[in-house]
Amino acid sequence: MNVADSERTVTSLRASGYEMTDRADQADVILLNTCSVRDRAEQKVFNRFGEIRRKSKSQAVYGVMGCVAQLEGDSFFDRAPYLNFIAGTRATDRIPLLIREIRRGRRRVSDYGEREAGERRDILPGERHAQHVAFIPIVEGCNKFCTYCIVPYSRGRERSRVAWEILEEVRALISNGYQEIQLIGQNVNSYRPKDERGLEGFSGATPFSRLLRAVAATGIPRIKYTTSFPRDFHADIIAAMDEHENLCNWVHLPVQSGSDRVLRAMRRGYTVMDYFKRISYIKHARRRYALTSDLIVGFPGETDEDFEETVKLVERCQYDSLYLFKYSKRPRTPAAKLTDEVPEEKKTVRFRLLEEVQSKIQARIFAGYLDRHLEVLVEGLSAKSKGDLTGHSTCNKVINFPGDSRLVGSILRVKVTAVKSHSLYGSLVS
Ligand code: SF4
């Protein structure tokens with residue numbers, strides 16, 4: 001989402017006559033986009049400004065945008081007196097106006113307002129983070145208020161983009177040669193636009209599955225989406241995916257814990273049985289879907305028994321990969337007030353144990369790919385091995401293989417010849 005916000009900001013700055021540079025010594029305006037999901041986010045922002053200010057012009061204008069900016073508010077000015085402007089998460093399109101105020105002589109300005117009615121998300125083709133894969137936000141914000149999460153505070157309540165505008169963006173991307181789009185949002189399954197124009201004639205019990213069908217009908221070669229929320233993940237989503245080959249065979253369904261007690265304390269709004277029901281839609285689908293998840297160990301009050309439940313869940317779900325996190329407090333969230341914290345050493349032991357369990361599952365799943373042919377979107381040169389290209393399969397596996405750089409941007413068939421712990425290696429078939 002932050003990458004998508006940066007693309008949008010750069011587009012509006014260019015429209016106001018700015019040019020981009022990544023050299024601090026050349027910049028008249030220095031803007032940091034910030035993320036509050038990880039630990040010690042504010043400190044990282046101050047450290048980064050410290051490094052940049054050593055190299056920058058003495059008259060440079062400094063600004064901060066994104067989640068940390070939204071959460072810290074004007075107190076940021078006290079802690080970073082050199083800062084000139086602060087733009088909240090919904091103020092991306094008004095950043096040129098904030099800079100104009102500073103240039104007119106104001107010392108400090110901030111904007112934490114909402115997006116304006118009718119605001120569109122126009123991204124210049126050259127400003128996307130990649131040449132062949134594009135992010136399309138479909139929902140911003142979140143209404144779930146999981147007790148450990150800062151997102152509903154930093155990004156506000158859910159707002160869905162109107163469908164016809166999303167479809168227009170997809171069509172523009174197709175004509176600019178994009179091969180893959182990723183529909184993004186904190187919770188894409190709760191997509192519920194005020195205006196469903198564009199979805200007429202597409203079936204599905206939820207607007208999200210109708211949107212999937214409508215996007216698939218544009219003919220874009222590959223569509224992925226993230227992130228899903230278990231309670232809002234219904235069978236109609238898998239039905240739509242089964243119907244359309246260009247809806248890629250990968251589902252990311254964060255579970256966070258395998259214990260009902262912990263899920264309740266996290267206020268996730270589902271039980272382990274509810275989650276398994278969703279998993280059964282995926283496992284009993286017509287196609288094989290790669291399944292990935294997020295999991296937090298050491299949430300306050302998590303007992304050995306709760307953790308055992310989580311291990312059992314991981315063994316039962318057989319994830320293709322798992323993003324594991326040790327719980328760490330986010331100030332201002334309800335969970336930050338919980339006192340029954342799990343000691344750091346215990347979190348580490350649980351983290352390692354689960355990592356071990358998952359690595360065995362992953363090794364077995366990855367070994368099953370050996371000799372198989374995968375359809376790969378070639379995204380660039382491999383940073384790790386010289387002469388190799390890198391890309392993702394439809395099931396979201398990273399795959400490297402030898403090839404000519406002119407193939408970047410193509411979708412090719414690659415035979416898997418070797419398996420690594422987090423990626424595959426292969427050779428070109430056609
Ligand atoms: S659903 Fe996701 S983004 Fe929303 S509050 Fe829960 S963890 Fe945060």
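**Burial and pairing**

Reply: This is a predicted model. Start with a helix and its cover: the buried residues of helix 9 are covered by elements including helix 8 (207–217), strand 9 (222–226), strand 10 (250–252) and helix 11 (272–283).

Me: Which residues of helix 9 (residues 235–243) are buried?

Reply: The general idea is that an α-helix has 3.6 residues a turn, so residues three or four places apart point the same way. In helix 9 the buried residues are Asp236, Ile237, Ile238, Ala240, Met241 and Asp242.

Me: Does Thr390 count as buried or exposed?

Reply: Buried means under 20% relative accessible area. Thr390 counts as buried because its relative accessibility is 19%. Thr390 belongs to strand 14 (residues 388–393), and five of the six residues in that strand are buried.

Me: What is Thr390 in contact with, leaving aside neighbours within four places in sequence?

Reply: Its contacts are Leu377, Val378, Glu379, Gly380, Leu381, Ser382, Val398, Ile399 and Asn400.

Me: How many bridges join strand 13 (residues 373–381) to strand 14?

Reply: Five, and the two strands run antiparallel. Leu377 stands opposite His392 of strand 14. The two strands form a hairpin with six residues between them, and Gly387 in the turn has a positive phi of about 85 degrees.

Me: How many bridges join strand 14 to strand 15 (residues 398–402)?

Reply: Five again join this antiparallel pair. Gly391 has Ile399 in strand 15 as its bridge partner. This hairpin has four residues between the strands, and Asn396 takes a positive phi near 65 degrees.

Definitions and conventions
Residues numbered from 1 in each chain as written. Predicted model: local features only at pLDDT ≥ 70, side-chain atom pairs only at ≥ 80, totals over all residues. Heavy atoms only, no water. Buried < 20%, exposed > 50% of the residue type's maximum accessible area, 1.4 Å probe, protein only. Contact = heavy atoms within 4.5 Å. Pairing = 2+ DSSP bridges.
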